[in-house]
Amino acid sequence: MLYIRGMALTPETRVKRKVSDILRKYEAYFFSPASNGFGRAGIPDIIACYRGQFIAIECKAGKNITTALQRRELSAIESAGGYALVINETNIQQVEAVLQQLKEAQP
């Protein structure tokens, strides 16, 4: 198991790191909203902007699924014209596919 600052990395943390690495590769703006009880419930793990497009990414590990609140937020993002992705170890390539599509679509 990987460790960071004396703590083991969870499988979901590994997914988040891989997603972050891809976003950095494309030089996308991104951040992870603080989940300290003061924000709105269900907000995706990573919020990004690439070539003027809003991208929300919910990271999961294994067979974990989104909650009803997460699905509500992801649906609202899609309805507003943004990209809403649920990413785990098996479909992480979707992040790069979306970024590549956006890169090719705009000069």
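## Ground rules

What you're looking at is a predicted model, where local features need pLDDT of at least 70 and side-chain atom pairs count only at pLDDT 80 or more, while totals for chains, interfaces and linings use all residues. Residues are numbered from 1 along each chain as its sequence is written, and side-chain values use heavy atoms, with hydrogens and water left out.

## The overall build

The protein chain has 3 helices and 6 strands. Both kinds are DSSP runs numbered from the N terminus: helices are H or I with at least four residues, strands are E with at least two.

For 107 residues, a compact globule would have a radius of gyration near 13 Å, and the 14 Å of the protein chain agrees with that. (This radius is taken over C-alpha atoms, and the globule rule is 2.2 Å times the number of residues to the power 0.38.) Along its principal axes, the C-alpha trace spans about 45 × 30 × 25 Å.

## Inside and outside

Of the 107 residues, 36% count as buried. Buried means under 20% relative accessible area, exposed means over 50%, and partly exposed is in between, using a 1.4 Å probe and protein chains only.

Now for contacts, meaning heavy atoms within 4.5 Å. Among those between residues at least 6 apart in sequence, 53% join residues at least 24 apart.

Glu73 is found in helix α2, which covers residues 68-79. Is Glu73 buried or exposed? Its relative accessible area is 6%, so Glu73 is buried. The side chains of Glu73 and Arg40 are joined by a polar contact of 2.6 Å. (A polar contact is a pair of N or O atoms within 3.5 Å; within protein, one must be able to donate a hydrogen and the other to accept it, and residues adjacent in sequence count only if both atoms are side-chain atoms.) Leaving aside residues up to four places away in sequence, Glu73 touches Arg40, Ala41, Gly42 and Ile43.

Gln70 is found in helix α2 too, and is buried with a relative accessible area of 11%. With residues up to four places away in sequence not counted, Gln70 touches Gly42, Glu58, Lys60 and Ile65.

## Two loop residues with positive phi

Glu27 sits in the loop between α1 (11-25) and β3 (29-31). Though not a glycine, Glu27 has a positive phi of about 60°. Glu27 is exposed, at 72% relative accessible area.

Arg51 lies in the loop between β4 (46-50) and β5 (53-59). Its phi is near 50°, a positive value in a residue other than glycine. Arg51 is partly exposed, with a relative accessible area of 33%.
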